[in-house]
Amino acid sequence: MSESRITVTRCLSFLAVPLWAGALAFPFAGPWRAVQVVLVILAGVALWGLLKTDTASRIVEAVIYKASGLRATATSVLSRTRSPLFLSLFVVLLFVIPFFQNDYYRDVLTLTGMYAVLALGLNIMVGQTGLLNLGYVAFYAIGAYSYAILSTRFGLNFWPGLVVGAASSAFMALLIGLSTLRLRGDYFAIVTLGLGEITRIVLNNSDAITGGPNGISRIGRPSIGGTVLSTPLDFYYLILVIAIITVFAMNRLMVSRIGRAWIAIREDEIAAEAMGVNTFRLKLLAFVVASAWAGLVGVFFAAKMAFVSPESFTFFESVMILCMVVLGGMGSIPGIILGAFLLVTLPEVFRDFADYRMLGFGVALVLMMVFRPQGLLGTAKNSK
Amino acid sequence: MLQLNDIFVSYGMIAALKGVSLEVRQGEIVALIGANGAGKSTTLMSISGVSGLTTGSIRYGDRLISGMPPHEIVALGISQVPEGRRILPRMTVRENLEMGAFLRDKDQLVPDMDRVFAMFPALADRSGQLGGTLSGGEQQMLAIGRALMSRPKLLLLDEPSLGLAPIIVSRIFKIIEEINGQGTTILLVEQNAKAALRLATRAYVMESGRVVMQGPASELASDPGIKKAYLGE
């Protein structure tokens, strides 16, 4: 084959991808959208081709070099987050900030707090112990529904509800874990994936108890000394307190003997076993603690919305929380909070592009895997 | 001290051990030699409780340890240096050593840590470095040091010479001798039969899941069959 023919076939193959995508889009989106898709992907392919030329790759290298400077700043920010002055300033800022905002931003911040706590809980399993959980949302749902049912039928108060929600999720994790944690690696992940779906489907179909697809409404709001918490500001402060307690607890756990053993299991399970770590019991503990946290946030969610339905607990939620852990940096508390913040706020900022949200997530995750597998703020040491 | 009584182990349909019996007495260095796939590592894994037995029994002192979970066996004073070192790559040397003493009180580790550092000065220099950044020989030293941190009475060593330069191998073997001299009984699995037989008091030769020969190491080293099959003479 001659030089020119190779070039021609290469050009054709470049054209093939956008045209194929356009053809796929046409029946769903109409001709105008299909042309748009073709043009956007064509531009992407052209850019890719350009980047592969020598000059461009040198420029990219320079940019990455710069970015590694950014990396250094990120690391220094990370080390600064450990200083007490920075921490207290940050916490004071978090307490003051909602005063300068309207209810929409307060809600977004509350959502950030919720997901940060969820992600920190999941981090115990995924980041610390190395157990992949693809159905974390199941335990979030169990907490939310436990409180929803007990509140609407038996008038259970919010504060004991928090404990009951966390305990029921933990109990569920104990049951599942006892029977399935002997599975290794991917097999356990598949079990959790199934569990997440089963939970949602059971909630959707047990009309008598869960109200089926209609969900449960008029769930009791929390109250402190007769004052009922109902405004976005109230819930912001409530989740802030929960988040601070969570960060404190996680910090203690990570440096404890148990935390060490979890890391050892993540690094090399057989070696950990040979050193006398009771791997089964510690994996079970990680699963139970992580799930208890999900249950806790579930209760908060139910009380805040005063309404729960199965559609809040889809597989997509599990994936989102997992992304927060991975994006922020497995095992790094500030990283995971940053991950939660980004994944909650960015879709809000880019609401106009909501159709491409999934595409954006995909690209972002692939880029992360290539350029910064340890996460935005994860250190090489903490991450897997 | 340790007695294996006719043990059978299988992985699924494949029988890895077909009736292995051996004995380790207090203060000895016992070598277990044989080709790849003979069942040497499986024997060690079943002693430390990682692989379960189909039949047979393992006694340690006057206790039956077959069927016990690994962490209880470690607590009894049997510690393993697993094949391929298996250090924790993203933990520092010091943290690796601390993990070795996982079952012990954290406040009493200083003398043991000092002992390990005295034995392996290279590790002392690198105590803050991540385990994964060490060289192969240093990782082996770390793996041995880590096992010593639990103050074992019986140390199980699985192929400590694997993939190491001859000069490092001889240093590691010298240290094994030293550990034995300090009162730790040793069961050594090795492919490097020549070095193992020189070090050991007694030895067992394994072939496809069975013990085919046993005796004092010096006797085995001069046996014509062994010479031909394992010593390359």
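Residues are termed buried when their relative accessible area is under 20%. By this criterion, helix H10 of chain A in the predicted model is mostly covered, with 9 of its 11 residues buried. The buried residues of H10(A) are A:Gly259, A:Arg260, A:Ala261, A:Trp262, A:Ile263, A:Ala264, A:Ile265, A:Arg266 and A:Glu267. Their cover includes elements of both chains: helix H4 (103–129), H9, helix H11 (269–274) and H12 of chain A, together with helix H3 (93–100) of chain B.

Helix H9 (residues 232–255) of chain A and helix H10 (residues 257–267) of chain A have axes that come within 4 Å and cross at roughly 65°. Because angles of 65 to 115 degrees count as roughly perpendicular, H9(A) is assigned as roughly perpendicular to H10(A). On the side of H9(A), the contact is formed by A:Leu253, A:Met254 and A:Val255, and on the side of H10(A) by A:Arg257, A:Gly259, A:Arg260 and A:Trp262. Classified by residue type, this contact comprises 4 nonpolar, 1 polar and 2 charged residues.

Over all chains, the structure holds 16 salt bridges. In chain B, B:Arg202 forms one with B:Glu28, the closest N and O atoms being 2.6 Å apart. This pair links distant parts of the chain, 174 residues apart: B:Arg202 belongs to strand S9 (residues 202–207), whereas B:Glu28 lies in the loop between strand S2 (14–24) and strand S3 (29–34) of chain B. Both B:Arg202 and B:Glu28 are buried. The two residues also belong to a network of salt bridges that links B:Glu23, B:Arg25, B:Glu28 and B:Arg202.

A further salt bridge in chain B joins the side chains of B:Arg126 and B:Glu138, at an N to O distance of 3.0 Å. B:Arg126 lies in the loop between helix H5 (121–125) and helix H6 (136–148) of chain B, and B:Glu138 lies in helix H6, so the pair ties together parts that are 12 residues apart in sequence.

The structure holds 13 aromatic pairs over all chains. The rings of A:Phe95 and A:Tyr237 have centres 5.8 Å apart and planes at 15°, and the pair is therefore stacked. This pair links distant parts of chain A, with A:Phe95 in helix H3 (residues 84–96) and A:Tyr237 in helix H9, 142 residues apart. A:Phe95 is partly exposed, at 32% relative accessibility, and A:Tyr237 is also partly exposed, with a relative accessible area of 22%. Ring pairs link A:Phe95 and A:Tyr237 with A:Phe99 and A:Tyr236 into a cluster.

In contrast to this stacked arrangement, A:Phe301 and A:Phe313 form an edge-to-face pair, with 5.9 Å from centre to centre and 75° between the planes. A:Phe301 is located in helix H12 (residues 279–305) of chain A and A:Phe313 in the loop between strand S4 (307–308) and helix H13 (315–328) of chain A, so the pair ties together parts that are 12 residues apart in sequence. Both phenylalanines, A:Phe301 and A:Phe313, are buried.

A:Glu317 is found in helix H13 of chain A and counts as buried at 13% relative accessibility. Apart from neighbours within four places in sequence, A:Glu317 is in contact with A:Tyr115, A:Val137, A:Tyr140 and A:Ser312.

In chain B, B:Arg151 occupies the loop between H6 and strand S7 (154–158) and is partly exposed, at 46% relative accessibility. When neighbours within four places in sequence are left aside, B:Arg151 is in contact with B:Arg104, B:Gln108 and B:Asp112. The C-alpha atoms of B:Arg151 and B:Ser79 are 8.3 Å apart in space, while the two residues are 72 residues apart in sequence.

Note on methods
Residues are numbered from 1 along each chain as its sequence is written. Chains are lettered from A and ligands numbered from 1 in the order in which they are written. This is a predicted model: local features need pLDDT of at least 70, side-chain atom pairs count only at pLDDT 80 or more; totals for chains, interfaces and linings use all residues. Side-chain values use heavy atoms; hydrogens and water are left out. A salt bridge is a side-chain nitrogen of Lys or Arg within 4 Å of a carboxyl oxygen of Asp or Glu. Helices (H or I, at least four residues) and strands (E, at least two) are DSSP runs, numbered from the N terminus. Buried means under 20% relative accessible area, exposed over 50%, partly exposed in between (1.4 Å probe, protein chains only). Axes are lines fitted to C-alpha atoms, for helices over the stretch in contact, and angles run from 0 to 180 degrees between N-to-C directions. Angles under 35 degrees count as roughly parallel, over 145 as roughly antiparallel, 65 to 115 as roughly perpendicular and the rest as oblique. Contact means heavy atoms within 4.5 Å. Ala, Val, Leu, Ile, Met, Phe, Trp, Tyr, Cys and Pro count as nonpolar, Asp, Glu, Lys and Arg as charged, and the others, Gly among them, as polar. Rings of Phe, Tyr and Trp (its six-membered ring) pair if their centres lie within 6.5 Å; planes under 30 degrees apart count as stacked, over 60 as edge-to-face and the rest as tilted.
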